[in-house]
Amino acid sequence: MLSRSAERIYWLARYLERTENAARLISVHMNLLMDLPKGVDMGWQQLIRINSSEDLFFKHYKVANERNVANFLLVDEKNPISLYSSLIYARENMRTTRELLPDEAWEQVNEMYLFVKSNLDSVNNRRGRVIFLKEIMEGCQHFTGLLSGYMSHNHAYRFIRLGRNIERADMSSRILELAMLLLGDSRSSEDRQYESILWRNILQTLNALLMYRQQVRSRVKGDDVLNFLLRDTALPRAIACCISDIAGTIEKLPNNDGLPEKVAELHKYVQNIDTDKTTQRQLRKILDDLQSRLGSLHNDISENWFLVSEIAPSQSQEQTVEAG
Amino acid sequence: MSKIWENYKIDATYDELMHSGIQPRPVGHSLCQYLNSLSEEDIKQRKTAAELAILEMGISFTVYSDEGNIDRAWPFDIIPRIIDTQEWHAIEKGLKQRLKALNCFISDVYDQQLFIKDGKMPSEIINSSKNFLPECVGMKPRHNVWANICGSDLVRDENGTMYVLEDNLRVPSGVSYMLENRVITKRIFPELLENISILPIDDYPAQLQDMLSSIASEQSKSPQIVVLTPGIYNSAYFEHAYLAKQMGAQLVEGSDLIVDEDECVYMRTIEGLQKVDVIYRRIDDDFLDPEVFNKDSTLGVPGLMRAWKAGNVALANAPGAGVADDKVVYAYVPEMIRYYLNEEPLLPNVPTYLCSDPEQLAYVVEHLAELVVKPANESGGYGMLVGPHATAKEVAEFKKLVQKDPRNYIAQPTLSISTSPTLCKDKLEPRHVDLRPFILQGEDTFVTAGGLTRVALVKGSLIVNSSQGGGSKDTWIINLEDK
């Protein structure tokens, strides 16, 4: 497999995962707001903050209200990590690797792109947005299913899994960060009573509520949720599970010099996070740290398998900077 | 007759489907019968279905414009263009004959130049050709074939004679659209194909793969074949990816390849360097190797010419093959056929005036308003003058251009090229068409069944290039005896 194709296919998976995550995040945030009484401020601004894009947002918008934030995160092309931008990049990367993937997979991504392109305005009201988001989340799942059923689980497939899981682990850590931020903001005791609503929604964002109930078998409590989402190795969107998947994939790729050890180290780091003994502030720092470790894992993957940048300026420009 | 024919009027031009009046030719009987069974509403539905399929399949081409490059959906007309099998077999023979002669000519040009020495062509034509590459003199590609893939443009005049208008021997494109057009037709007219027997076209990628394997420099059992593309911003990128996919070959860009110290070509893979045996290159000669040609080229591979000359890699088409893809050289093809093959040409050339010849130049300058004038080396329909459709100012400008650089221009009579029914809004109207079959030559020779029919969608227009508002049609070679 060409190094360039490996790189593009890896980014295709990252961007599609990012597309799905953006849809998921907004979708659950809307639900959260509908569960909370009026006046409880679980602000939209935090969604901007966890994606580290406050500067860009306030350059183009005055107020971080629902409409603006939804617009910014979903359909704004000026935002390189908006759902629409991610989908455009995903499609571009795919357009250049079509020879490696089943036709149906290309058609799926292309259809999603055409759908978003012709429904940009629909996200401005909640009803339209709900339909829009559902379409995208289903579309992304459809894509994953197509590959799983139609494609040989070869090296190309492995690079898809690598990209997907790095992006997924990164997003899960950002969603936990969001929980910390929202909790940190809600100081009054009145707000505190909505904590379990918040955690339930966080679980839903990661499609983890049912699995949590089966696994933890107690009511939804902050520490348990954190532990589950950080350290569980069976839940697809738990960080430890993403890392094990990465470990398994890297194991099967050629010339993986030194990488299995690095991933093992990262795995150990996650398992050693002690949620009982940390404050919210410390935890936020840990999550930040985790994100930069994932970033450095990305760099190792890139150096190991992709074209070294000396000759491929156009490719590297094509990708947005690591979020964060 | 159904209402969709209301606007169908043909004058003196030859119509591919109809006799004068509205009587189908024998070969068009079934198609006409079927079209007559459709209401305007039916046909509109088929058209919408086709457009949707094109969008979803992502069949696109890129247009260069001031606002940047736009990826456009492929313009497709749903009414197929039809040709009778018997006629087609004759054309097929003519095309093979032509490509064989052209390859003899290119081999000769880079070898002893007997054609010139025997007085068949003035040496200035080669000496002044932009596409003649001195670096290639003395090379002997396998089977002595330089142009492995050729796309010839055919047009039919008012008497029904098929002419070869030009031979594209550099990097001809369009074959993927030919294949995709058939896929779309199968989707939207499944019931029609039940009753008509047409020749299949979908073995082209396999034929291409066989041909490319046959030119590999070492006879390994399964040579590593790659398609070299200039990248996503090239107008034919879709096609490069499509063909690579259909052949199971790697689609590479220049930066994926290196020439190592052993003068072999390798591609950079996740498992390290892997040797490449055959490159189907879709990059012009000029950009192939910055060591030899355009030094600023970032599309090519430094050292590629060394590797090719050392016989370590095969290139299709071979560098320098473009010397025969020149509208001046074109005029000599019938003579080449007689000279090298000792045969009479089966397909006629369009009469061509060479502006490099003073007498012919005088005639051209005098009759500019009746002629089509083309630059010798452009493709894509750029920089040409269609006399009868041009303004006096355009004619005057061209007069200057031609007189300034006569070697670079040829002129041909404006042919009244044939028409084929085309869906315009919800009625059928005649529109001008040409045909680009694709011919492969390696160890064997192969011609596609039919080719890509291009159609000038604008009423009266003769320009069929997709970059200039042309569309395309599925082309059916219909077997009448089979019924």
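Among contacts in chain A between residues at least 6 apart in sequence, what percentage join residues at least 24 apart? The figure is 67%, where two residues are in contact if their C-beta atoms, placed from the backbone, lie within 7 Å.

Before I go on, please keep in mind that this is a predicted model, in which local features need pLDDT of at least 70 and side-chain atom pairs count only at pLDDT 80 or more, while totals for chains, interfaces and linings use all residues. Residues are numbered from 1 along each chain as its sequence is written, and chains are lettered from A and ligands numbered from 1 in the order in which they are written.

Staying with chain A, we have 16 helices and 0 strands, these being DSSP runs numbered from the N terminus (H or I, at least four residues, for helices; E, at least two, for strands). The radius of gyration of chain A is 19 Å, close to the 20 Å that the globule rule gives for 324 residues, so chain A is as compact as a globular protein of that length; the radius is taken over C-alpha atoms, and the rule is 2.2 Å times the number of residues to the power 0.38.

Turning to chain B, we find 15 helices and 22 strands. Its radius of gyration is 23 Å, close to the 23 Å given by the globule rule for 483 residues, so chain B is as compact as a globular protein of that length. In chain B, 69% of the contacts with a separation of 6 or more are between residues 24 or more positions apart.
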